[in-house]
Amino acid sequence: MKKLNFNIPGFELKIKLNSLETCSTERKEGFVNKINALIGEIVQDQFKLVANIKDENGFKISITGIPDPDIKTYRINLDIGLFRMLYDGLYVVLSNNNIFHGLGKSFRRFDIPTLSVPNWELLDLAMANNDDVYFDTNRMYLHSFLYELCLSFIIRHEIRHIGNGHIDYLAGKLQPLFYENSKNGLDALDSQTLEMDVDSCVFVGILNGLMKFPEQRNRMPEELQDERGIFMCTLFAIQFLFYCMPSKKVGSLSEIEACSHPNAYLRYFFSFTAGLSFLQNEYPQHVDLFGTLHQDNFWTFIDNLPEQDPDRLEKIRYDHDWSMSEEGFEYANKVWNNWDNWIPKLQPYTYIKLAPKTTN
Ligand SMILES: [Zn+2]
């Protein structure tokens, strides 16, 4: 999206966002182009991914192999509700000027009971109960960039499930259709190990792209085009995705053992840790800044969530505290170490070099 500049004294442009724009033919085509560009970047066009965009107001994503005589091909099924939820969830969060303070302005803050809703229609209902919320052009541009960033996290996540061999391994052994929100025939530990694998690869991939390639950094709002801005945006993306989109909060071993994905804080923590070791290897001079921003931003973000339900806020804290407890940390290590068991199993199916064995 192009940045609009209106320099008329005394005149402030106020824009109301509309998630319907994510449903336009142009946007859907843009989405397909994005998939192709990311496949080119991540696995050098070794396979094709056909997008099947439905309109059932679900948050489901599934992937399956489909026959094609020329090139290995997969189909990803996803719902337009996912785009709208991402778009509107960001609209709600960024209507709070404490988040990315000073970067543009929202003229009103959405007042909604919670973001923890199962689908976009419910979010839309809660938002419709508010008066119009307007952004200035800088805030709108920030929203637009973060939307693209979070969306690319999701697409990269699915491409990695294919690239890292998960889909073909499961299709050969357990089931041909991979559902993002299911254990796909695996036990919880194995399913969560594969999810940790893709989240970590994706977070490092995004960080690497923004640090190394000026053409990627140039898409960011100007004020954010330095290391500090890159870290703020990438950390925000995992906070937003793991806390404002549907995610599991747990407070005990028995709860985590029922989940297909690691709980919210562990997903954040695994991604953050992968980013940290990438920076330690490639940009050691920026490690401290990354660590400080993580510490400062995490609770600022949580404290500014539009949660009016004390039980939900309590759950978020519980989930964090459990993850940082001895039991939670032991569990995180179990998931990490389980990666070593998966390397040889996935090897025959991969399109890309897998992450090395764990070293802790
Ligand atoms: Zn996944």
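This is a predicted model: local features need pLDDT of at least 70, side-chain atom pairs count only at pLDDT 80 or more; totals for chains, interfaces and linings use all residues.

Student: Which residues have the most contacts inside the largest nonpolar core?
Tutor: L86, L90, L146, C150, A237 and F240 do, in a core of 84 residues. A nonpolar core here is a set of buried Ala, Val, Leu, Ile, Met, Phe, Trp, Tyr and Cys residues joined through C-beta atoms within 7 Å. Buried takes 20 or more other C-beta atoms within 10 Å of a residue's own; 12 or fewer is exposed, in between is partly exposed, and C-beta atoms are placed from the backbone.

Student: OK. Which helix gives the most to the core?
Tutor: α8, with twelve residues. Helices are DSSP runs of H or I, at least four residues; strands are runs of E, at least two; both are numbered from the N terminus.

Student: And what is C150 in contact with?
Tutor: L86, A237, F240 and L241, leaving aside neighbours within four places in sequence. Contact means C-beta atoms, placed from the backbone, within 7 Å.

Student: Back to α8. How does α8 sit against α10?
Tutor: The axes of α8 (residues 227-244) and α10 (residues 264-282) come within 9 Å and cross at roughly 160°. Axes are lines fitted to C-alpha atoms, for helices over the stretch in contact, and angles run from 0 to 180 degrees between N-to-C directions. The pair is therefore roughly antiparallel. The cut-offs: under 35 degrees is roughly parallel, over 145 roughly antiparallel, 65 to 115 roughly perpendicular, and the rest oblique.

Student: Which residues meet there?
Tutor: From α8, I238, Q239, F242 and Y243; from α10, A264, R267, Y268 and S271. By class that contact has five nonpolar, two polar and one charged. Ala, Val, Leu, Ile, Met, Phe, Trp, Tyr, Cys and Pro count as nonpolar, Asp, Glu, Lys and Arg as charged, and the others, Gly among them, as polar.

Student: Now α4 and α6. What angle?
Tutor: About 125°, with the axes 9 Å apart. α4 covers residues 137-163 and α6 residues 188-212. So they are oblique to each other.

Student: Which α4 residues meet α6?
Tutor: S152, F153, R156, H157, R160 and H161. Their partners in α6 are V198, D199, C201, V202, G205 and I206.

Student: How does α1 pack on α4?
Tutor: At about 50°, axes 10 Å apart, with α1 spanning residues 25-43. That pair is therefore oblique too. K34, I35, L38, I39, I42 and V43 in α1 meet S152, I155, R156, I159 and G163 in α4. This contact has seven nonpolar, two polar and two charged residues.

Student: Switching to backbone angles. What about phi of F100?
Tutor: Near 50°, a positive value in a residue other than glycine. F100 is in the loop between α2 (80-94) and α3 (120-128).

Student: Is F100 buried or exposed?
Tutor: Buried, because F100 has 22 C-beta neighbours inside 10 Å.

Student: And N184, where is that?
Tutor: In the loop between β6 (177-179) and α6. Phi of N184 is near 50°. N184 counts as buried, with 22 C-beta neighbours inside 10 Å.

Student: Last one: where does V50 lie?
Tutor: In strand β2 (residues 48-54). V50 is partly exposed, with 13 other C-beta atoms within 10 Å. Beyond four places in sequence, V50 is in contact with I66, T73 and R75.

How values were computed. Residues are numbered from 1 along each chain as its sequence is written. Two residues are in contact if their C-beta atoms, placed from the backbone, lie within 7 Å.
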